[in-house]
Amino acid sequence: MTSSLATVIAQAGNTGASLRTGKLISIGDASLTVEIAAGQAVAMPYVDGYTPILGDRVQILQQGPVCLVFGATGGMPDD
């Protein structure tokens with residue numbers, strides 16, 4: 001017996017991606033360190049074409065433990 005796609009997805013649990021916001025606190029050779037969620041600092045890669053600047057508010061795509069910085073977010077007030 002085969003299962004429907006909906007059944008397989010439901011049984012797998014929440015495997016979807018989430019969009020998060022963080023603050024750029026360090027720039028490395030191939031990754032950025034971003035502060036997210038209550039002071040948690042995470043090193044992650046970023047998309048080609050984004051020129052990081054310390055202090056940027058950035059958008060992060062996260063799926064499970066994998067994160068990717070898409071770039072700076074405009075129009076958000078500083079904390």
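This is a predicted model: local features need pLDDT of at least 70, side-chain atom pairs count only at pLDDT 80 or more; totals for chains, interfaces and linings use all residues.
Me: OK, what percentage of the residues count as buried?
Reply: 23% of the 79 residues in the protein chain. Buried means under 20% relative accessible area, exposed is over 50%, and partly exposed is in between (1.4 Å probe, protein chains only).

Me: What's the pattern along the sequence?
Reply: α-β-β-β-β-β, with one helix and five strands in the protein chain. Those are DSSP runs numbered from the N terminus: helices are H or I with at least four residues, strands are E with at least two.

Me: And what order do the strands take in the sheet?
Reply: β3-β2-β1-β4-β5, in an open sheet of five strands with antiparallel pairing. The edge strands are β3 (40-44) and β5, each pairing on one side only. On average, neighbouring strands of this sheet are turned by 40 degrees against each other, direction ignored. For that, axes are lines fitted to C-alpha atoms (for helices over the stretch in contact), and angles run from 0 to 180 degrees between N-to-C directions. Two strands pair if DSSP finds at least two bridges between them.

Me: How many bridges does β1 make with β4, and how many with β2?
Reply: Six bridges link β1 (residues 18-27) to β4 (residues 57-63), and four link β1 to β2 (residues 32-36). The hairpin from β1 to β2 goes through four residues.

Me: What about the pairing of β2 with β3?
Reply: Five bridges, antiparallel, with V34 opposite V42 in β3. The hairpin there has three residues between the strands, and A37 takes a positive phi near 40 degrees in it.

Me: Which residues does A41 touch, leaving aside its neighbours within four places in sequence?
Reply: A41, found in β3, is in contact with I25, T33, V34 and E35. Contact means heavy atoms within 4.5 Å. A41 and S26 are 9.6 Å apart, C-alpha to C-alpha, and 15 residues apart in sequence.

Me: Which residues make the nonpolar surface patch?
Reply: L19, L61 and F70, over about 290 Å². Patches are made of residues with over 30% relative accessible area and no salt bridge; like charges are joined within 9 Å, and nonpolar side chains (Val, Leu, Ile, Met, Phe, Trp, Tyr) within 5 Å. A salt bridge is a side-chain nitrogen of Lys or Arg within 4 Å of a carboxyl oxygen of Asp or Glu.

Me: Is F70 buried, exposed or partly exposed?
Reply: F70 is partly exposed, at 42% relative accessible area. F70 is found in β5 (residues 66-72).

Key: Residues are numbered from 1 along each chain as its sequence is written. Side-chain values use heavy atoms; hydrogens and water are left out. Accessible areas come from the Shrake-Rupley method with a 1.4 Å probe; for residues, only the protein chains shown count as cover.
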